[in-house]
Amino acid sequence: MEAFTRKAIQVIQNIPSGKVMTYGQIAAHAGSPRGARQVARLLHSMSAKYSLPWHRVINAAGEISIKDENHRQIQADLLRSEGVEMKAGKVALNQYRFDPGNDAD
């Protein structure tokens with residue numbers, strides 16, 4: 001496994017309940033600031049294997065990126081069940097964004 005993949009998995013696994021991170025934010029913390037698409041592919045292919053909280057990852061606009069309406073609704077429901085509020089389809093990043101550098105214990 002590549003170092004970026006290993007680090008990205010760690011970052012995703014550490015997103016606490018009730019918080020979100022963006023694809024680009026995860027990529028930057030994993031060492032590849034321009035690797036947002038790699039994070040998306042990693043989530044698609046490795047979420048089940050590594051029990052990743054995929055639903056806590058959203059785009060830079062605070063929106064769910066999933067195109068399929070059923071899966072989009074599942075992600076929204078999972079976020080709401082953790083206390084993450086969505087208004088007009090967006091998460092308030094200033095309120096719910098997790099920053100491993102500042103928010104970590």
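## Exercises on a predicted chain

Once neighbours within four places in sequence are set aside, Arg80 is in contact (heavy atoms within 4.5 Å) with Gln73 and Met86. Residues are numbered from 1 along each chain as its sequence is written, and side-chain values use heavy atoms, with hydrogens and water left out.

### Arg80

**Task.** State in which helix Arg80 has its place, and decide whether Arg80 is buried, partly exposed or exposed.

**Solution.** Begin with the secondary structure, in which helices (H or I, at least four residues) and strands (E, at least two) are DSSP runs numbered from the N terminus; Arg80 belongs to helix H4. Next, apply the accessibility classes, where buried means under 20% relative accessible area, exposed over 50%, and partly exposed in between, with a 1.4 Å probe and protein chains only. Arg80 has a relative accessible area of 43%, so it is partly exposed. Finally, compare sequence with space: Arg80 and Lys7 are 73 residues apart in sequence, and their C-alpha atoms lie 27 Å apart.

### The whole chain

**Task.** Describe the order of helices and strands in the protein chain, and explain why the chain is as compact as a globular protein of its length.

**Solution.** The protein chain holds six helices and four strands, and along the sequence they follow the pattern α-β-α-α-β-α-β-β-α-α. The radius of gyration (taken over C-alpha atoms) is 13 Å, close to the 13 Å that the globule rule (2.2 Å times the number of residues to the power 0.38) gives for 105 residues, and the chain is therefore as compact as a globular protein of that length. The C-alpha trace spans about 35 × 30 × 25 Å along its principal axes. Buried residues account for 38% of the 105 residues, and, of the contacts between residues at least 6 apart in sequence, 58% join residues at least 24 apart.

**Solution.** Take His55 to start, which lies in the loop between helix H3 (36-46) and strand E2 (57-58). With a relative accessible area of 9%, His55 is buried. Beyond its neighbours within four places, His55 is in contact with Gln75, Leu78, Leu79 and Glu82.

Ser47 is found in the loop between H3 and E2 and, at 12% relative accessibility, counts as buried.

Most residues other than glycine have a negative phi.

**Task.** Locate Gly62 and Val84 in their loops, and list what each of them touches.

**Solution.** Gly62 is found in the loop between E2 and helix H4 (69-81), and at 0% relative accessibility it counts as buried. Gly62 and Thr22 are 40 residues apart along the chain, yet their C-alpha atoms are separated by 7.7 Å. With neighbours within four places left aside, Gly62 is in contact with Gly89, Lys90, Val91 and Leu93.

Val84 is found in the loop between H4 and E3, where its relative accessible area of 1% makes Val84 buried. Val84 and Tyr96 are twelve residues apart in sequence and 6.9 Å apart from C-alpha to C-alpha. Not counting residues up to four places away, Val84 touches Gly18, Lys19, Leu79, Val91 and Tyr96.

Terms used
This is a predicted model: local features need pLDDT of at least 70, side-chain atom pairs count only at pLDDT 80 or more; totals for chains, interfaces and linings use all residues.
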